[in-house]
Amino acid sequence: MNTAPLLLGYAGAVGFLAPRLLLRSAWPYRAPTLAVTSWLALSASFTVAVGLAAYELASPTEHLHAGLIGLLHSCGLTTDTAAPDPTVAARLAVALPAFAVLLVPGSFVFEAVSCRRIRSRHRKVLDLVGRRSPRLDATVLDHDHPAAYCLPGHRPRVVVSAGALRLLSAGQLDAVLAHERAHIAGRHHLALAASTAFARVFGPLPLARHGRQQTAVLLEMIADDRALHRQPREVLAAAMYGMAAGAAPAGAFAVGGPTALIRLRRILAPQRRPHAALRVSVAVAALTVPLVPLLLGCTHVIG
């Protein structure tokens, strides 16, 4: 039994229908950590499904027309008059799915290395133009524009401008610094690199497009929640309002930026966390959904 149609149908559901369900649900903004995990799990599941489908299409079977090799041969698209070489078919059956599966991890490595180089160059500039503040445990830039951001990863750095120090109260500054440190402690740059890598490979696919956008928003919400452990909502909201125009340089996270408005609404109109049963159900689904393509592929062996 060739399971390629089943795997491709599953990939279509994950790539097109699942993002629509997540975007229409209210719980992701109420449980952002779980939502990020769900987006990444769906991306992994889609990648595995595509790889297994490629394997099924490339694998020679008893009936050549059931696989890609047989299809090409029967359509006269090969120059040989004999049946396809099983050695070539076997190699293709390995190479094609391996390429499909490894393309996303390869893109992730490229994205992670590129961002690390950008952050490394930025740190060298900060060493020249910034001054270290032991009291704030941050680098201060003598710039009038209010700005605060962090450089995660190797040798992490929190950066705040002199304009932000003049603008923010002590409590607001504490909330902003807690927000930035949450990005560093949570290694949010890795989750963002993973969603960006998937989007680079699968481009206009709704799962790729919306996954990248939502992951960026949700990571900021996670950092907001960490800041709320230190300061009241009103204090964090006031700090975000003052810093809303601030943008992060490449490879960095900033408390302001284009996501500030939707996060302000979330902070000022808080909702209860999703019910425990829903959280457990989503967590179990996120853990198991990457395994679904493997289970579907097993039907080939059973059949």
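User: Two strands pair if DSSP finds at least two bridges between them, and strands (E, at least two residues) and helices (H or I, at least four) are DSSP runs numbered from the N terminus. How many bridges join E2 to E4, and do they run parallel or antiparallel?

Analyst: Three bridges join E2 to E4, and the two run parallel. Leu141, for one, has Ser161 in E4 as its bridge partner.

User: What sort of model is this?

Analyst: It is a predicted model, with local features needing pLDDT of at least 70 and side-chain atom pairs pLDDT 80 or more, while totals for chains, interfaces and linings use all residues. Residues are numbered from 1 along each chain as its sequence is written, and side-chain values use heavy atoms, without hydrogens or water.

User: OK. What's the strand order in the sheet?

Analyst: E1-E2-E4-E3-E5, an open sheet of five strands with mixed pairing. E1 (130-133) and E5 (253-254) are the edge strands, each with a single partner, so one side of each has no neighbour in the sheet.

User: Which helix packs on it?

Analyst: H6 (residues 170-185) touches E3, E4 and E5. Contact is heavy atoms within 4.5 Å. H6 makes about 25 degrees with the direction of E3; axes are lines fitted to C-alpha atoms, for helices over the stretch in contact, with angles from 0 to 180 degrees between N-to-C directions.

User: Back to E2. Are its residues buried or exposed?

Analyst: Buried, meaning under 20% relative accessible area with a 1.4 Å probe, protein chains only. Ala138 and Val140 lie on one side of E2, Thr139 and Leu141 on the other.

User: And where does Thr139 pair?

Analyst: Its bridge partner is Arg132; E1 and E2 are antiparallel over four bridges.

Key: Buried < 20%, exposed > 50% of the residue type's maximum accessible area, 1.4 Å probe, protein only.
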